[in-house]
Amino acid sequence: MISTRGSAPKAGFGDVLLAGLAPDGGLYLPQFWPQVSVREIASFKGRAYNDVAHDILMRFAAGSFSAAEIKADIDAAYGAFDDAQIAPLVELEPDLFLMELFHGPTLAFKDIAMQVLGRMFARALAKRGGHATVVVATSGDTGSAAIAALGGLANIDVFVIHPKDRVSEVQRRQMTTAPYDNVHNIALCGTFDDAQAIVKELFADVAFARAVRLTAVNSINFARIAAQCVYYFTATATLGQAATFVVPTGNFGDIFAGEAAMHMGLGIEKLVVATNANDILARTLNEGVYASARVQPSLSPSMDIQVASNFERALFEASGRDSAWLQDAMLTFARDRKLTLPETVLAGLRSCYSAWRSDDRETIQTIGEVYKSTGQLIDPHTAVALRAAYQMKGQRQGPVVVLSTAHPAKFPDAVQQATGKRPALPPRLAGLYEGVERLTVLDNDKALVRAHIEAKLNTP
Ligand SMILES: *Cc1c(COP(=O)(O)O)cnc(C)c1O
């Protein structure tokens, strides 16, 4: 695999899995996208999700893991899901579907990739030997998914940094009541972007990163993308034709997995970026200027992000993989918080993506509307995407699939406000309100976070 910034040495899938970010500050991508033929895609129809996941993942992982190892990890990962289809399609009206991605242990789509990644990670670490320190910046759902996947594992410490008071109570308790000695929760006095910036600074602190064998399981880790592109294939095979996918977007990982599937040969009509009031991506695609603003808290906190790490991967592809331009562009953006995209790059992005935004009022309205017309309860993130799908009505072709990224019970207040109905906490979250919370509040300061990690590490 290669780095978007062009100066890191090539690395295998297993090394990328353990490293997360590339040493030149870029993100890893396959040097060549593996290809899946139209016939192979058609053959996915009716096959078990685990089978398709195995087929796709092996195309990335074959040099690092055996087919039996990947099969064991996939079967263990999805064995605990409460829907055997893993990513079932639910028809809301003709040609409009929800793809439910929240049937894993923490009720958000992050589980689909993280449950597999955690197992592959433990396997790769056992082969390499030694200890690893995982640092996760989370806007709410990645943290609990990482804890569910890595909690209790030997030789791994997990530090989860969430923005203090900017995640829902269910999200916070899912993280802080986890009973594992190797899990350390940090509530950062700042925003998600601050947390993500600190993680990047910790990686840039090369001596420290080396000493603690720092790694990332955020969607900068390519293994996440590899596991997430599977459901674009299964949905398309099930529908039997190219679809429009509408994706509630924050860090651009989930939707970039759709672009990855396209590079692998999957026909996709359009990938639609749906954002809340934090609409940097919608503005970029519509106006051609990537400019960050202040993060505004919203009812869909997992999307309260301005600087979307994975957008770098999309820019790299849209520039024709021009790493010299990208390196420059990323430095410009870091300095000015603003980047004007060249026409060719913008045209490349627009050939694949379009974008819509909605605010909290529209989110509540959409949750209420769909409940009234279909009886379906949806969470606020799904609502942002469904709103975009409704807005596109008339200009859309073929089936539209809205990615439903969280269970409504994760955001009970918003759902109740919109529908008058409070979604019941599923059995797997019973006891959430009784557990003891463990977390450390830290100021928004990289040095403090670094010192905290050094003090808490179970293995120095
Ligand atoms: C993480 C998350 C998103 C955003 O996904 P990205 O890959 O960061 O774009 C959307 N909805 C929910 C519920 C999430 O947890």
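1. Basis. Local features require pLDDT of at least 70 and side-chain atom pairs pLDDT 80 or more, while totals for chains, interfaces and linings use all residues of the predicted model. Residues are numbered from 1 along each chain as its sequence is written, and side-chain values use heavy atoms, with hydrogens and water left out.

2. Helix pair. α11 (residues 230-239) packs on α12 (residues 253-263) at about 65 degrees, the axes being 8 Å apart. Axes are lines fitted to C-alpha atoms, for helices over the stretch in contact, with angles from 0 to 180 degrees between N-to-C directions; helices are DSSP runs (H or I, at least four residues) and strands likewise (E, at least two), numbered from the N terminus.

3. Residues of that contact. Y231, Y232 and F233 of α11 meet D254, I255, A257, G258 and A261 of α12 (contact: heavy atoms within 4.5 Å). By class, six are nonpolar, one is polar and one is charged (Ala, Val, Leu, Ile, Met, Phe, Trp, Tyr, Cys and Pro are nonpolar; Asp, Glu, Lys and Arg charged; the others, Gly among them, polar).

4. Ligand. The ligand is surrounded by 15 residues, the closest being K110, D141, G250, N251 and T405 (a heavy atom within 4 Å). Ligand oxygen atoms lie 2.8 Å from a polar backbone atom of N251, 3.0 Å from a backbone N or O atom of F252 and 2.9 Å from a polar backbone atom of D254.

5. Q35. This residue sits in the loop between β2 (28-29) and α2 (38-43). Beyond neighbours within four places in sequence, Q35 contacts E40, R59, H263, M264 and G265.

Terms used. A polar contact is a pair of N or O atoms within 3.5 Å; within protein, one must be able to donate a hydrogen and the other to accept it, and residues adjacent in sequence count only if both atoms are side-chain atoms.
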